[in-house]
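Welcome! Let us walk through this structure together, one part at a time. Have a look at it first, and then read on.

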Amino acid sequence: MINLLTSGSGFFLLLLFYTLGAIGSLIFKKKDEWANGWQSLFAIVGSLWGIFFSISAFMTGDLSFAAYSSVFPLLSFSFHIDQLSAFFIFVISLITLFCSLYGIGYIKHYYKKYSISALGFFYHLFIMDMLMVVTASNGLFFLIAWEIMSIASYFLVVYDHNDVNNTKAGFLYLVMTHVGTAFIILAFLLMYKFTNSFDFESIQAQSVAIPVFIKNSIFILALIGFGTKAGIIPFHIWLPAAHPAAPSHVSALMSGVMIKTGIYMMIRLFLDILQPIPLWWGITILIIGSLSALLGVLYALAEHDIKKLLAYHSIENIGIILLGFGSALVFISLGNTLLALFGLGAALFHTLNHATFKSLLFLSAGSVINQTHTRNMEEYGGLIKYMPQTAFFFLVGSMAISALPPFNGFFSEWLTFQTLLQGMTSVNILVKSTFVLATGALAITGGLALACFVKAFGATFLARPRSTEVAHAKESSLSQLIGMGALALCCLLFGIFSGYLGSLFKNIGTHLTVFRNISLPPILSSKINFIAPNNFGSVSALALIVFLILALFIVVLLVKFVINRNQKTKIGATWDCGTNLTQRMEITATGFARSIILIFAGILRPSIQNEIEYRDSKIRYFPKSRTVTLRTRDIYRLYFYLPLNKFITTLSVRAKAIQSGSINMYVFYILIAVAIALFLS
Amino acid sequence: MNIFFLQFLLGILFLSIFYLHLAKKNFGAVIAYSIQSLIITLILLTSFLETNSFFLLFVVLVTLVIKVILAPIFFLRLIQRHKLTFSVSTYLNLPLTLIVLAGFTAIAHSQKFLSLTNIIPVHHALLSLALSAFFVSLFLIINRKDALSQAIGILSLENSIVAFAIFAGLEQSPMLQFGIIFDIFIWLVIATVFISMIYRHFGSLDTSSMKHLKD
Amino acid sequence: MLKLFLKIIKTQKNIIPIHDHDLKQAEIFVVGEKIQDKIKKLFQGSLAIKQIDAGSDNACEQELVALSNSFYDVERFGIHFVASPRHADMLLITGPVTRNMAKAVQRAYEATPNPKIVVTVGDDAIDGGIYKGSYAVLDGVETIVPVNYHIPGDPPSPKMILCGLLTILETMDSKQTKLK
Amino acid sequence: MMIFIWILQLICVPALSPLCMGIIKKIKAKLQNRVGASIFQPYKDIWKLLHKDEVISTDASWVFRFAPFIIFATTIVIGASIPLFASFLKNTLTGDLLVVVYTLALGTFFLALAGMDTGSAFGGFGSSREMTISALAEGCLILALFTTALSIGTTNLFVISNAGMLLSTQFFLSTILAFIGFFIVLLAETGRFPFDNPATHLELTMIHEAMILEYSGKRLALMEWAVANKFFIFATLGANLFFPYGIAHSVDTHAIVIGIIVLLIKIFILCAIVGIIESTMAKFRFFRLPDLLITSLILSALAIGLIQMQIL
C-alpha cells in the first residue's frame, strides 16, 4: 500500500478516480439523483486519496515518472512531483473534498433545471486537469492540461445559462484566459528556442544559455499570462464576472484553488527554472502585489453583489500572496536566501489559508443565495435568525479573511508583515521604498478588508430582513453544513497549528533549486511558535488562542454569575428616539460603504444616481418612491479594454475590404502568394 | 525514353492549357482537358517503364479511367443538360490575356526560378515548362468568370503539378498518387453538383454574380 | 489658544458678587452634599438621568441645562445626563404630553431598564399646567406613564430642581429603610 | 515573585483605566471652570451599571449579546501582553506588535457588528463611520509602531521598551515623527476629540457612542470599561514604546515601584494633553478626518524612511 502511494501509479489511480467520476456521471443522463450521487461519491473518494497521496509524496520528496511515450516528438506525458507540487495537490484535494461534500446538498436545487451529468462531467474534468497542471513537467503537456482546465471551467461558468449575463461573463472569461494562454505559449516558445526542449528539467539545466533580454521578455510574458489567470490588477476584469456566475461549490473551487495554479507556475518558473533572476523582477511583483491588494479591497467595498465582493477579495489575497512571493524574489537577487525562504513560506501559507477561508465564504454565500434566490446584498438582512449555522460559518470565514487572531488568516499575514519588515532594513533605497510602499498597502488593505467584511456580514445576517424573500429562508441542508463546518474547523486548526505548518513550508523551499545550496536550515518555527529570522519577532498561535479563551471564560463567569446574579433581562423594542421602527431605517450595504467610497472617490470614481417616482404626474410633492444607486465605474473596462476593443474592430473593418466576394479575386491572391513564396525560396 | 519525346508531350500539355484560355465553347475546353490528362497518363507510363513497379501501372490505369474518361463525361452531361454551349466572357480581353500568358512563361523560364527548375539539371527545360503551365492554369482560374472553366482550370493546375513532380523526380509513393486521384474524383462529383446549383440559382455560370451573396 | 488658557485661569470661580457667593453657593453646596451621599447609598454613587421633552415650552429645559453649568455643576454630586433611556436610571419628563409625543414617551419608558424612576418637572408635565384641557394635549404625563415623583414650578429654578431631587431621594431612602 | 508581577500585569490595565477616564473628565471640567465629577466617578458608574437590569431589543442576535464579553476579553489579553511597568517579562508568546494591533481590530470588528445588530439607524451609521476611521487608522498604527520596531530591530514590544534611551540615540527625529503619527491614531481609535465627541447627546454626530446606544446594564458597563481599557492600552503603548524611560529592567521591587509611578506620571501627562485638546479644539467634519489620518500615515512612512538614513 505504501509503495503504491509513493509511486507514479498512486497518481494515476487519483486521475483514474476522476476520469471514472466524469464518465460515470455522463452515463446517468436521465436520473439526476444518481448522477449527483455518483459524481459526489467519486469526487470525495478521489480527493481523500489525493490528500493521502500528497502527504506521502510530500514525505518522500522527489517523484518523477512518465505516463507513456507520445506520438509527437516534443510532447511527453511526464510528471514531476516535488514538495511544491505535492503541497498544491494537497490544497486542491482538500478543497475539492469539502466542495464536493457541500455539492451533494447544493446540486439538489439544480435538479429539474439543468443536466446534472454535464455538471459532474466538467467538474471532474476540471479537477483532474488542475492536478495535471500542478504536476506536469513538460511544457506542451502543461499547456494542454492548462487549456482543458480553462475550457472545463468555462463550461462550469456558463452552466446556469438561463441568466444572460452568465453567458456574457463566460465569454469574457474565455477570451481573457485565452489571451493569457497566448502569452504563456509565447513564453514557452521563447524558452524552447534557446534550450530547444520543452521539459522543465532540461530548460532548467540550460537556463544559463538564455540571454538576459530574452529572459526578461519571458518574465514579462509569463507574468501577464499567469497574472491573467491569477487575476492581478490590470487583467482582473474577468474574475468578478466569471466567479459569481458559476455554481457556488465550483466558484469556491475556482477562486480557492484555480487562481493558485497561476501562482504555482510563477513559483516554478521564477524560483525553479529561470535561475539567477535580476532584482527588478521582485520589485515589479511587489508593486503589482500591493496594487492588486489595495485596489482589490477597494472594489470589493464598492460591491453589493455578495459573490462579486468575494471575487474581488480573491484579487486582494492574490496581491498579498504576491507580496510574500515578490519579497522572496528580491531577497534572492540580493543574495539573502534565508529571508527569501521565509518570504516563500509566507506566500505558500497564505495560499493554503486563502484556499480554505475563501471557499468557506463562497460556500456559505452560495447557501444564502440558494435560499434568497438573489445575489444583491440589499435584499438580505436578518438572516442570522433563519440560518444560524450558515451565519456562524460566514462569520468564521470573514474573521479568517480579515486576519483576526484566532484564525489562520492572521498568521499568514503576520509572516508576510515580518518579511516586508525585514525588507525595510535593506540598504538599497529603491528596495527600501518599495517595501515601505508594500507595507503601507498591506496595512491599509487589512483595515479596509475588516471594514468590507463588517459590511458583508452585517448587511447580510444582522438586524431585520429587508425583503420578503428572507422571511422564508430555511437553514441549508446537512451535507452543506458538514462541508462548511469542516472548512471552518480547518481555518481554526491551520491557525492553531500554524507553528508546525511553518516548518513544513521550510522544506518545500529547500527543494527548489535556488535554495538547494544554502548551508544551515533556518529555524523558521519551533513546534509552538513562529520565529522570524534573526529573531525579529515571534508569535505563538497556541498561547494566543488559549489566552483569549481563558480571558473570555473568566469574564463571562465573573460578570454573569458572580456580580450580576439577580438581575433580569427584559426583551424590548429597539430604541430609535421614539419613532416607529421600519426596516428602511436599517443601514444598507450602500449606506455602509458610502463614506469609504467618497473618501477614495479619486480611485473609485463613484457615480450617484437617484430616481424619484411620483404617484401621478400632477402632484410633485409626495413622491411614491425614491431610490439612490451608488455605482463605481470600472475604469479598466472604460479606459483600457474598450479603447483596445475599438481599435481592433476598426482595424478589422478596414481589413474587410479584401473580401470582395468574387472567387477570381481570391485565386488572384493565391497566385500572388505562390509567386512570392517561390520568389523567396 | 529520351528527353525530346517527353519535351514534346509536355509541349502539347502546355498548348492545351493555352487553348483553354482561348476556347469559346465549353465543349472545346472539355476536350482540351481530356487531351491534357491523356498526356499526363502517357508521362506516367514512361516513368512506369523505367521503374516497372506493378503498382504504378495500376495507378496509371486508374488515372486513365478517371481523368480521361469519367471527367469529360461528367462535364459533357452537364453541358447538354443545361445547354451551356458558350462559356462566359473573361475579365481581360484576348490580346491582354495573351500578353499576360507570355509574361508568365517568361518568368517561369527566368533566372529567378533557376534554383527551382534545375533540381535535376537534365530536366531543366521540362521543369521550367511545367512551371509555366502551372502559372498559366492558375491564371486561367482568375481570368475566367465561367464556373465550369474555373473547375477545368483547377484540374489542369493539378495536372501541371503532377507533371512538375514527376520531372523533378519526387518519387511519391504510389499510395500518394492513388490518394490524389481518389481526391480528384470526389472533387469532380462535388464540382459538377456545385456548378449545376450555381446554374439553377443564377441562371448562368457567371461566378461574378456571387458577389451579391456578401452582406 | 494661549489667551484662552490665561483667561480661564484668571477668572475666579463665579462672577456673582462675593457676598452673595458664599450664601447661595453654600446652600447649593449643602443640598448637593446631601444629594451626593443619598446617591451613594441608593445608586452606588452615580445617577444617570435621561431628560425627555414631551412637547414642553423649553422653559424647564433651560433650567435643566443650567443645572450642568459651572455655577450649579450637578456633575460633581454624581449626576450625569445620558443620551439614551437604555443607559438611564431616572427619566425627567418635561412638558404636557402632546398627542404626537404620547407614543414616544411610552416607548422611552419601556426602553429604560429597571430599577427606574419617572419624575415630572414643571407644572405642565404634572397636570398640563397652562395648556390644561387643550385638544392637542393629554394633560400631564400620568395619563400615559406611571409617574413616581413631581417637581412643581413653572419653571422650577435649578435650586428648586436640586431641592426637589433631594426630597425625592430622601423619600426613596425612607421607603427603602421601611421595606428592609 | 514572578507570579505576583504577572498578577499585577494582568489586573493593572482594567484597574487603572477608569481612573484615566476620570482624570480626563476632571481636566476638561477644570478648563470649563467647573468643579466636575470626582476622578473615581467612572468606577461608580461601572459598578452601578453592573447591578442594573437589562433591556435587549428583539432584533438582537447572539452577536449583540456576546460582543461585550469578547471586546472586554480582548482588552484584557492585550493589557497583559504590552510592557506596562516591567520590560523584563519578554513574553515572547503574545507580546508581538502585530498581535496587539490585530487583536484590537478583533475588538473593533465585534463592536461594529454589535452596533449594526439591532437594526437602529444610529447603530448602523455609528459602525459605518467607526469602520471607515479604523480602516485608515489601522494602517497608520502599524506603520507608526513599525518605526520603533525597525529602530530596535525586533517587533517584540517588551524588547523595544527594554531598549532604554530611544530619543537620545540617532533615531531622535524619526521617533518624534512616529509619535505624532501614533498620537493622531490614538485620538482616532479611542474616539477622542477631533474624531468623535465622547460626551455628545446628538445621535447624528456620534461615532463610538452610537454603537453602544442599545446596550444597558452589565453589557453597557463592560462596553464602557472596554473603551477605557483601550484608551489606557494606547496611552501605555505611546508612553512605553516611544519614551521607554523608567521601566523596570530587573526583578527587584524597588525598580518595579518606580516603574509603576513613572508609568502613572506618563499616563497622567498623556491624559492632560488629551483633555487640553478636547477643550480647545472643535470636532472635525467627518470628511476632513481622512486628511488627518493620511498626514499621520505620511509622517510614519517618513519616519521609517529616516531611520535608514542614520544607519547608512
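This is a predicted model: local features need pLDDT of at least 70, side-chain atom pairs count only at pLDDT 80 or more; totals for chains, interfaces and linings use all residues.

## Where two chains share strands

Let us begin with a pairing that crosses from one chain to another. Strand 5 of chain A (residues 569-572) pairs with strand 1 of chain D in the parallel sense, and four bridges link them.

## The contact between chains A and D

How many residues of chain D are in contact with chain A? There are 72 of them, and they meet 68 residues of chain A. On the side of chain D that touches chain A, the elements giving two or more residues are strand 1 (54-57), helix 3 (62-80), helix 4 (97-117), helix 5 (121-152), helix 9 (217-242) and helix 11 (289-311) of chain D. Helix 5 of chain D gives the most, with 18 residues. Sorted by class, this side of chain D has 39 nonpolar, 22 polar and 11 charged residues.

Now turn to helix 11 of chain A, which covers residues 248-273. This helix has 26 residues and reaches 36 Å from its first C-alpha to its last, close to the 38 Å expected at 1.5 Å a residue. Where does helix 11 of chain A bend? The bend is at Met254(A), and it is about 35°.

Is this helix mostly covered or mostly open? Helix 11 of chain A is mostly covered, with 26 of its 26 residues buried.

## The sheet in chain C

Chain C holds an open sheet of five strands with parallel pairing, in the order 2-1-3-4-5. Strand 2 (79-81) and strand 5 (149-151) of chain C are at the edges and have a single partner strand each, so one side of each is left without a neighbour in the sheet. From one strand to the next, the twist averages 30°.

Strand 1 of chain C (residues 47-53) runs parallel to strand 2 of chain C, and three bridges join them. Within this pair, Ile49(C) stands opposite Phe81(C). Helix 3 of chain C (residues 59-67) packs on the sheet and touches strand 1, strand 3 (90-94) and strand 4 (117-121) of chain C. The direction of helix 3 makes about 140° with that of strand 3 of chain C. Helix 4 of chain C (residues 99-111) also packs on the sheet, touching strand 1, strand 3 and strand 4 of chain C, and its direction makes about 170° with that of strand 3.

Definitions and conventions:
Residues are numbered from 1 along each chain as its sequence is written. Chains are lettered from A and ligands numbered from 1 in the order in which they are written. The expected span of a helix is 1.5 Å times one less than its number of residues. The bend at a residue is the angle between axes fitted to the seven residues ending there and the seven starting there. A residue is buried if 20 or more other C-beta atoms lie within 10 Å of its own, exposed if 12 or fewer, and partly exposed in between; C-beta atoms are placed from the backbone. Two residues are in contact if their C-beta atoms, placed from the backbone, lie within 7 Å. Ala, Val, Leu, Ile, Met, Phe, Trp, Tyr, Cys and Pro count as nonpolar, Asp, Glu, Lys and Arg as charged, and the others, Gly among them, as polar. Two strands pair if DSSP finds at least two bridges between them. Axes are lines fitted to C-alpha atoms, for helices over the stretch in contact, and angles run from 0 to 180 degrees between N-to-C directions.
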